[in-house]
Amino acid sequence: MGSPFETHGAHSWQELSTSDPEGAKTFYGALFGWSFKEQQMEMGTYHIIENDGAGVGGIMQSPEPGMPTAWTGYVTVTDVDAVAAKATELGGELLYGPQDIPEVGRFCWIKDPQGAVIAAISYVMG
């Protein structure tokens, strides 16, 4: 298997949306030894989780007040739009997207028929 950022169906990223990104960084940094690199994005500061220097996930401010704190897993796909269409065909619900992330790729958030949330993403490789 190749890179999880290039392999269709591979789990490639884990993202935490929280009302307290600084508290989360303190907790997970001490718990797992993670370090963090800040990146300014359209929605605000994104904290890239690094493990031994490799980006493995991110922590961000919840996009909406009162939104529950939650981890979301990202699965690499070849075509985000096709996966979004297939998810709704299979009884899932699109929660967000498909949308482009400049210099990163294209993604969407999907809620499965049982209520669990997962994200699909195609990365810009270059």
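The exercises below, each with a worked solution, concern a predicted model.

Residues are numbered from 1 along each chain as its sequence is written. In this predicted model, local features need pLDDT of at least 70, side-chain atom pairs count only at pLDDT 80 or more, and totals for chains, interfaces and linings use all residues, while side-chain values use heavy atoms, with hydrogens and water left out.

**Exercise 1. The largest pocket**

Task: State the volume of the largest pocket, identify the residues closest to its centre, and describe its lining by strand and by residue class.

Solution. 

Step 1. A pocket is defined on a 1 Å grid over the protein atoms alone, as an open set of points where a 1.4 Å probe fits, with protein on both sides within 12 Å along at least five of seven lines; lining residues have an atom within 4 Å of a point. Grid points are joined across faces, edges and corners, and the volume is the space filled by probe spheres set on the points.

Step 2. The volume of the largest pocket is about 1,100 Å³. Its lining consists of 35 residues, and E15, M41, Y46, I101 and F107 are the closest to the centre.

Step 3. Strands are DSSP runs of E with at least two residues, helices are runs of H or I with at least four, and both are numbered from the N terminus. At least two lining residues come from each of β1 (11–18), β2 (35–41), β3 (44–51), β4 (54–61), β6 (93–101), β7 (105–111) and β8 (117–123). The largest contribution, five residues, is that of β6.

Step 4. By class, the lining of this pocket has 22 nonpolar, six polar and seven charged residues. Here Ala, Val, Leu, Ile, Met, Phe, Trp, Tyr, Cys and Pro count as nonpolar, Asp, Glu, Lys and Arg as charged, and the others, Gly among them, as polar.

**Exercise 2. Backbone geometry**

Task: Locate the cis peptide bond and determine where D52 and E103 are found.

Solution. 

Step 1. Most residues other than glycine have a negative phi, and most peptide bonds are trans.

Step 2. The cis bond joins G97 and P98, with omega about 0 degrees. P98 belongs to strand β6.

Step 3. D52, although not a glycine, has a positive phi of about 55 degrees. D52 occupies the loop between β3 and β4. D52 counts as exposed because its relative accessibility is 81%; the classes are buried (under 20% relative accessible area), exposed (over 50%) and partly exposed (in between), with a 1.4 Å probe and protein chains only.

Step 4. E103 is likewise not a glycine and has a positive phi of about 65 degrees. The loop between β6 and β7 contains E103, which is exposed at 79% relative accessibility.

**Exercise 3. Salt bridges**

Solution. 

Step 1. The criterion is a side-chain nitrogen of Lys or Arg within 4 Å of a carboxyl oxygen of Asp or Glu.

Step 2. K25 is buried, at 14% relative accessibility, whereas E22 is partly exposed, at 45%.

Step 3. K111 is partly exposed at 27%, and E93 is partly exposed at 41%.

Step 4. The relative accessible area of R106 is 24%, so R106 counts as partly exposed.

Step 5. Through shared partners, salt bridges join E22, K25 and E38 into one network.

**Exercise 4. Separation along the chain and in space**

Task: How far apart in space are the C-alpha atoms of A87 and I110, and those of C108 and D81?

Solution. 

Step 1. A87 is in helix α2 (residues 80–89) and is buried, with 13% relative accessibility. A87 and I110 are 23 residues apart in sequence, and their C-alpha atoms are 7.2 Å apart.

Step 2. C108 is part of strand β7 and is buried at 0% relative accessibility. C108 and D81 are 27 residues apart along the chain, with 8.3 Å between their C-alpha atoms.
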